[in-house]
Amino acid sequence: MLDDVLALVRENERFFLTTHLGPDGDALGSQIALGRFLQGLGKSAAMINSDDPDESLDWMPGEDDVEVFDGSMHQREALAEAEVVFILDTNDEERLGKVGSMVRNSSATTVLLDHHLQPEPWFDVEFVRDTAAATGELVYEIIDALDPSLIDATVATGLYTAIMTDTGSFRYSSVTPELHRIVADILERGDIEPAPIHETIYDRRSMPGLRLLGRMLNRIRLRYNGQLGYSVVTQRMVEDTGASWDDKQGFVNYVLSIEGVQAALLFSETDDGSKISFRSEADVRVDEWARSFGGGGHRNAAGAYVKRPTFEEVIEDVVEAASNFIEFDNPHAPGPGEELSPEDEEYLETLMQSKSSS
Ligand SMILES: [Mn+2]
């Protein structure tokens with residue numbers, strides 16, 4: 001509950017903040033905003049994660065205060081001395097990486113600030129709302145209740161980035177008039193402009209990244225009468241284009257943007273299996289479907305990691321399972337783009353490639 005969190009902030013002096021592996025805009029933005037706010041209250045706040053954030057976030061003010069866990073003495077001290085540990089934007093020990101078990105076993109009061117479904121049971125205090133647009137929204141509520149005058153440009157940039165990135169730039173169903181009022185307050189108090197933040201995050205695609213996007217778009221397939229779309233990023237595609245794995249961020253949204261598509265999947269090939277991103281339109285849920293493959297997440301955005309011998313097998317299994325979780329309209333009628341078999345498409349793609357390279 002919010003009140004419990006407010007009391008903990010008022011009554012304690014030493015805080016430790018951590019978030020999930022591969023910190024995204026919401027994870028890092030929420031962490032910096034809350035850490036900076038606590039420091040503004042005159043408290044100590046160590047920000048330590050198991051992993052570096054995505055490169056697209058290295059410009060964020062306050063990012064230098066966030067450390068990657070390296071086992072050093074001062075980091076261990078920071079955790080040992082902390083009275084309160086905040087876990088942000090994940091409710092899953094494993095997703096915290098190396099820091100996970102240390103945090104779970106620490107003598108501090110552990111506080112979960114999060115908007116994912118089905119939290120693990122080990123947190124002492126939970127401030128969780130799965131309808132919140134972002135963890136950043138919850139952090140704003142804490143700050144707003146304690147001392148909103150401490151929202152400076154750093155806090156504001158963190159909160160804005162958190163909310164903007166987790167709402168697909170304010171277009172998901174989690175976006176409400178109230179959220180816009182919160183964002184307006186953040187912009188005013190921090191005296192920051194939104195445009196440069198959007199540009200730094202979204203307009204920094206690399207050429208190899210765009211080529212990878214092109215390859216991914218070429219491989220999109222539709223099923224269930226055009227209501228399910230899926231595509232792949234193979235290790236070969238990444239090597240051929242010279243792209244990095246980070247470049248595929250947001251790719252699945254292109255698949256979901258196809259007219260008629262209600263649910264979209266992106267399969268990324270890894271050394272020992274497949275990483276799957278699930279996305280869906282507002283009234284279609286994908287979280288249970290992801291969970292059935294050992295993953296989890298939100299109603300409209302979830303993920304899973306499947307270790308299987310062949311990539312193709314994973315794709316087949318997950319696509320086949322779709323109809324157990326989603327009610328498609330007239331699923332067996334052939335939809336647009338379903339006339340060619342994957343083999344035919346593959347063959348045409350090879351033809352096109354040999355033409356362009358000759
Ligand atoms: Mn989030």
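## Residues with positive phi

Asp89 lies in the loop that connects strand E4 (84-88) to helix H4 (99-104). In this predicted model, Asp89 adopts a positive phi of about 65°, although it is not a glycine. Asp89 is classed as buried because 29 other C-beta atoms lie within 10 Å, the threshold for burial being 20 or more.

A positive phi, of about 60°, also occurs at Asn225, which is likewise not a glycine. Asn225 sits in the loop between strand E7 (221-223) and strand E8 (228-233). With 17 C-beta neighbours inside 10 Å, Asn225 is partly exposed, since that class falls between the limits of 12 or fewer for exposed and 20 or more for buried.

## Packing of helices H5 and H6

Two packed helices are described by the angle between their axes and the distance between the axes. For helix H5 (residues 135-146) and helix H6 (residues 153-166), the axes come within 7 Å and cross at roughly 145°.

On the H5 side, the contact involves Thr135, Gly136, Glu137, Val139 and Tyr140, which meet Leu159, Ala162 and Ile163 of H6. By class, the residues of this contact comprise five nonpolar, two polar and one charged.

## Domain arrangement

The domain assignment of the protein gives domain 1 as residues 2-202 and domain 2 as residues 207-357. The centres of domain 1 and domain 2, taken over C-alpha atoms, are 31 Å apart.

Between the domains, eight residues of domain 1 contact eight residues of domain 2. The side of domain 1 that touches domain 2 consists of two nonpolar, four polar and two charged residues.

Technical notes
Residues numbered from 1 in each chain as written. Predicted model: local features only at pLDDT ≥ 70, side-chain atom pairs only at ≥ 80, totals over all residues. Domains from an automatic or database assignment. Contact = placed C-beta atoms within 7 Å. Nonpolar A, V, L, I, M, F, W, Y, C, P; charged D, E, K, R; others polar. Axes fitted to C-alpha atoms, helices over the stretch in contact; angles between N-to-C directions. Helix = DSSP H or I, 4+ residues; strand = E, 2+ residues; numbered from the N terminus.
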